[in-house]
Amino acid sequence: MIYRIKIFIKLLIFFIFRFLYDVNIWKSVLTYYRLHISRKNSIDTISINKIIKWEEVSLKLKNLNLSGGNVSRLEMLIITAFASNLKDGENVLEIGTFNGKTTINCALNIKNKSNIFTVDLPEGEKIENIDRKDDYLDYDKKLIRDLKRKDKDFKNFDNINQIYTDSTKLDFSLYDFSLAFIDGGHDYETVKSDTKNCISFIKRPGVILWHDYDVTNPVGKYLHSISEKYDIKWIEDTRLCILKLS
Ligand SMILES: C[S@@+](CC[C@H](N)C(=O)[O-])C[C@H]1O[C@@H](n2cnc3c(N)ncnc32)[C@H](O)[C@@H]1O
């Protein structure tokens, strides 16, 4: 009898865990936890309807296949919508080109006299050559070595300017940009350097978007360190944060 009760309890536990897994309870708990930590650190969420007038946006989009290292489709809509909102002659600065999907979609939506500057490490760059190699996250090392970086094909886009350098060594004062998308190295020091440079050199009014805000990761830790000073918001249902500077 005791043996049967033990088997019954084990099966019950198994089915309870299986149920919790199926209803995605772990994801909900994690989301709730991240929302709590984010609010505690003065970064509230904002709905996508509040950041942009969607009824005024019309977009051309290309190649929305998902692959590791790229933004989600909703994030792509948001980034390209901001690019399409720029006035003629206002430019985009993207840090972290990867395979160029976001670059191309921004390039398709900016006005005639606008440009996109996109920064990445030289193709084939060895991790050993990066000054902060020990800080680099495994995720970033994988993307730096990823051969998909070579897939970018900008030959039909004369409004894309590829810059091959470590973003922390770039002289941001040389570039005129009103929209910045920070998605290069995701370690604390790189996010800090890219953010400081973007805040210092972006033309006002300007918009800064950060990708990979997972709240407790280095992107989150750095943004929490400046969120008292700047009105940064986390865009709902995305891993993007936004700062509008006037
Ligand atoms: C997540 S991917 C960028 C994805 C791209 N923005 C998109 O939306 O498809 C990050 C890229 O940042 C580049 N990267 C990493 N550290 C960098 C650094 N210090 N300077 C410039 N680029 C860097 C990597 O080589 C990689 O291609």
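1. In this note Ala, Val, Leu, Ile, Met, Phe, Trp, Tyr, Cys and Pro count as nonpolar, Asp, Glu, Lys and Arg as charged, and the others, Gly among them, as polar. By that scheme, the shell around the ligand holds 10 polar, 7 charged and 6 nonpolar residues.

2. The model is predicted: local features need pLDDT of at least 70, side-chain atom pairs count only at pLDDT 80 or more, and totals for chains, interfaces and linings use all residues. Residues are numbered from 1 along each chain as its sequence is written.

3. The ligand is surrounded by 23 residues (C-beta atom, placed from the backbone, within 6 Å of the molecule). Gly96, Phe98, Thr102, Gly184 and Gly185 are the closest. Helix 6 gives the largest share of the shell, 3 residues. Helix 5 (101-107), strand 3 (116-120) and helix 6 (138-145) each supply at least two. Helices (H or I, at least four residues) and strands (E, at least two) are DSSP runs, numbered from the N terminus.

4. Helix 1 (residues 2-22) has 21 residues and should span 30 Å at 1.5 Å a residue; its end C-alpha atoms are 30 Å apart, which agrees. The expected span is 1.5 Å times one less than the number of residues. Helix 1 is hardly covered, with 0 buried residues (buried: 20 or more other C-beta atoms within 10 Å of its own, all placed from the backbone). Just after helix 1, asparagine 24 takes a positive phi of about 60°.

5. Which residues of helix 4 are buried? They are Glu75, Met76, Leu77, Ile78, Ile79, Thr80, Phe82, Ala83 and Ser84. The partners against which the buried residues of helix 4 pack include helix 3 (48-51), strand 2 (92-95) and helix 5 (contact: C-beta atoms, placed from the backbone, within 7 Å).

Conventions
Buried ≥ 20, exposed ≤ 12 C-beta atoms within 10 Å, placed from the backbone. Contact = placed C-beta atoms within 7 Å.
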